[in-house]
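Subject: Structure for your review

Dear colleague,

Please find below the structure that I am handing over to you. I would be grateful if you would read the notes after it with the model open.

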Amino acid sequence: MSEMVQQQMADAGVGRPRGMSSIKEVLGSWGDIRQLLRGGQSGSIVPVVIPKDNRGLRWLTLVWIALWLFATGAISATTDADWLMVPAVLGAVLALALAALWWWRSSIVEIEEGTVGVLTKFGAIAGPGLMPGRHYLWHPWARVAYVVDVTTEIPYNAPVLACPTHENVPLKSIEFFLKFRILDAVQFVQTIGAGNFDLVLSNSVQDAIRQRSRMVRTERAYDLRGSDVADMQELLNRQLARYGVQILGCNIPDVQLPTQYRQHISTRERVAKELSAYEKEWELTRKRRIDTLLMDIERSKKVRDAKVIEVNASLNKARKDVAQMLEEQETEAQRVKYEIETRGRTNLVAAQGEARAQEQLATAYRDNRAVLGYELARRRLDVGAQLANSAPQPVIVQTDGGSGDSSALSTLMLAQLLPQLGQSNGKRAQRAIAQHDDALESLADKAARALDDQK
């Protein structure tokens with residue numbers, strides 16, 4: 001049976017991609033079951049172990065020996081060798097005791113925690129399975145054919161190669177990871193077994209991955225990494241439910257594109273990153289400019305508010321100044337009004353006094369008119385006297401022959417002095433006349449003003 005399992009695994013390993021998990025069932029002793037189920041064998045996953053059963057019917061040898069000893073004792077009792085009866089009986093009892101002990105000890109089966117033992121009788125599966133703990137298999141042909149791990153979440157990695165995309169571009173590989181657990185051990189070993197389950201699971205995963213890759217465009221192949229694969233998990237659960245297996249979770253950790261297309265994608269990603277960096281830089285610059293503009297706007301608003309406050313303060317001050325000026329102007333107007341009224345009254349009183357004084361002066365002028373005529377006549381006399389004093393004096397030049405000075409030189413000097421004397425006398429006369437005229441004019445002006453005032 002082990003050779004058949006190994007042959008199945010060898011057939012299953014043909015064409016298996018590198019890194020793909022393999023599931024198999026192995027033959028092992030009861031002491032190695034825990035290690036095989038938890039650690040696997042040669043890098044393979046071992047969910048099912050076929051325990052080695054060394055029970056057999058060898059304990060029946062002691063039974064046959066006991067029967068032979070009983071027969072020997074019975075025969076010896078009928079012969080002369082009756083001394084052999086007691087040792088034969090004791091040996092038969094001891095053989096039966098040893099056979100019973102051997103039978104009891106070989107019937108004990110201990111099932112590991114988290115596993116289920118599949119019980120068979122005469123090669124057919126009997127019962128729902130043995131739960132963890134100690135069991136006694138009294139039937140000589142009852143044995144535990146399989147020990148199945150039903151609690152461990154078994155990881156399974158299935159890379160799928162050359163998956164075509166929507167544009168029929170073969171991807172280099174798609175890594176697919178899942179976890180499954182065997183729910184019904186009897187159904188699992190009865191319907192499929194570990195080796196066949198490996199083939200079925202790998203084919204189901206490849207079909208699901210290829211269907212998913214056909215739905216994705218090549219430029220968005222990297223979107224498969226970490227994408228939602230709940231529909232694939234549901235599809236796998238529907239396919240594997242009849243084997244007593246449940247898929248607990250699955251995902252796509254990695255997608256590898258073809259080398260040439262990966263270079264193209266890397267170039268595009270680099271350009272996209274540079275564009276994103278430029279966009280971020282431009283966004284930061286735009287944000288910085290917007291912040292600067294907002295700060296300028298806020299600063300302008302503050303300046304505007306300060307100016308508005310200053311203008312309002314100036315306006316209030318101007319209003320106060322205008323009100324104060326109006327009050328001062330009104331006060332000044334009242335003062336000027338009172339001053340004008342006072343001045344008018346004063347001028348009226350002064351005019352009335354001056355009118356009375358002029359009236360008195362006119363009366364006095366009429367009374368003193370004779371005095372003015374006298375004064376004018378006296379001044380005329382004074383002017384006539386001044387004119388008389390300034391009149392030219394006759395110069396008598398004696399030219400008698402009896403005098404001693406009758407030379408031509410004296411005659412010449414006399415001729416030069418006479419004009420000068422005449423000019424000086426003429427200037428005196430003119431000044432006297434001018435003074436007389438001024439006096440007359442002043443008297444005439446006084447008389448005219450007196451007449452005007454009188455009028």
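The notes below set out what was found, beginning with the chain as a whole.

This is a predicted model, in which local features need pLDDT of at least 70 and side-chain atom pairs count only at pLDDT 80 or more, while totals for chains, interfaces and linings use all residues. Residues are numbered from 1 along each chain as its sequence is written, and side-chain values use heavy atoms, with hydrogens and water left out.

Overall composition

The protein chain contains ten helices and eleven strands; helices (H or I, at least four residues) and strands (E, at least two) are DSSP runs, numbered from the N terminus. Of its 455 residues, 27% are buried. Buried means under 20% relative accessible area, exposed over 50%, and partly exposed in between (1.4 Å probe, protein chains only). The chain exposes about 30300 Å², of which carbon and sulfur atoms supply 57%; accessible areas come from the Shrake-Rupley method with a 1.4 Å probe, and for residues only the protein chains shown count as cover.

Strands and cores

Strand β1 (residues 23-28) is largely enclosed by the rest of the structure, because five of its six residues are buried. It runs parallel to strand β2 (residues 45-51), to which five bridges join it; two strands pair if DSSP finds at least two bridges between them. Within this pairing, Glu 25 has Val 48 of β2 as its bridge partner.

In the largest nonpolar core, which has 49 residues, Leu 178 and Phe 180 touch the most other members. Apart from that core lies another, of 14 residues, including Leu 36 and Leu 130. A nonpolar core is a set of buried Ala, Val, Leu, Ile, Met, Phe, Trp, Tyr and Cys residues joined through side-chain atoms within 4.5 Å.

Thr 120 belongs to strand β4 (residues 115-121) and is buried, at a relative accessible area of 6%. Leaving aside neighbours within four places in sequence, Thr 120 is in contact (heavy atoms within 4.5 Å) with Ile 125, Ala 126, Trp 141, Ala 142, Arg 143 and Ala 145.

Nonpolar surface patch

Trp 64, Leu 67, Phe 70, Met 85, Val 89, Val 93 and Leu 96 make a nonpolar surface patch of about 620 Å². Patches are made of residues with over 30% relative accessible area and no salt bridge, where like charges are joined within 9 Å and nonpolar side chains (Val, Leu, Ile, Met, Phe, Trp, Tyr) within 5 Å. Helix α4 gives the most to this patch, with four residues. Val 89 lies in α4 and is partly exposed, at 31% relative accessibility.

Salt bridges

Ten salt bridges are found in the whole structure, each being a side-chain nitrogen of Lys or Arg within 4 Å of a carboxyl oxygen of Asp or Glu. One of them joins the side chains of Asp 149 and Arg 38 (3.3 Å, N to O). This pair links distant parts of the chain, with Asp 149 in strand β7 (residues 142-149) and Arg 38 in helix α2 (residues 33-39), 111 residues apart. Asp 149 is buried, at 1% relative accessible area, whereas Arg 38 is partly exposed at 45%.

Another salt bridge is formed by Glu 283 and Arg 286 (2.6 Å, N to O). These two are separated by about one helical turn because they stand three residues apart in helix α8 (residues 259-367).

Yours sincerely
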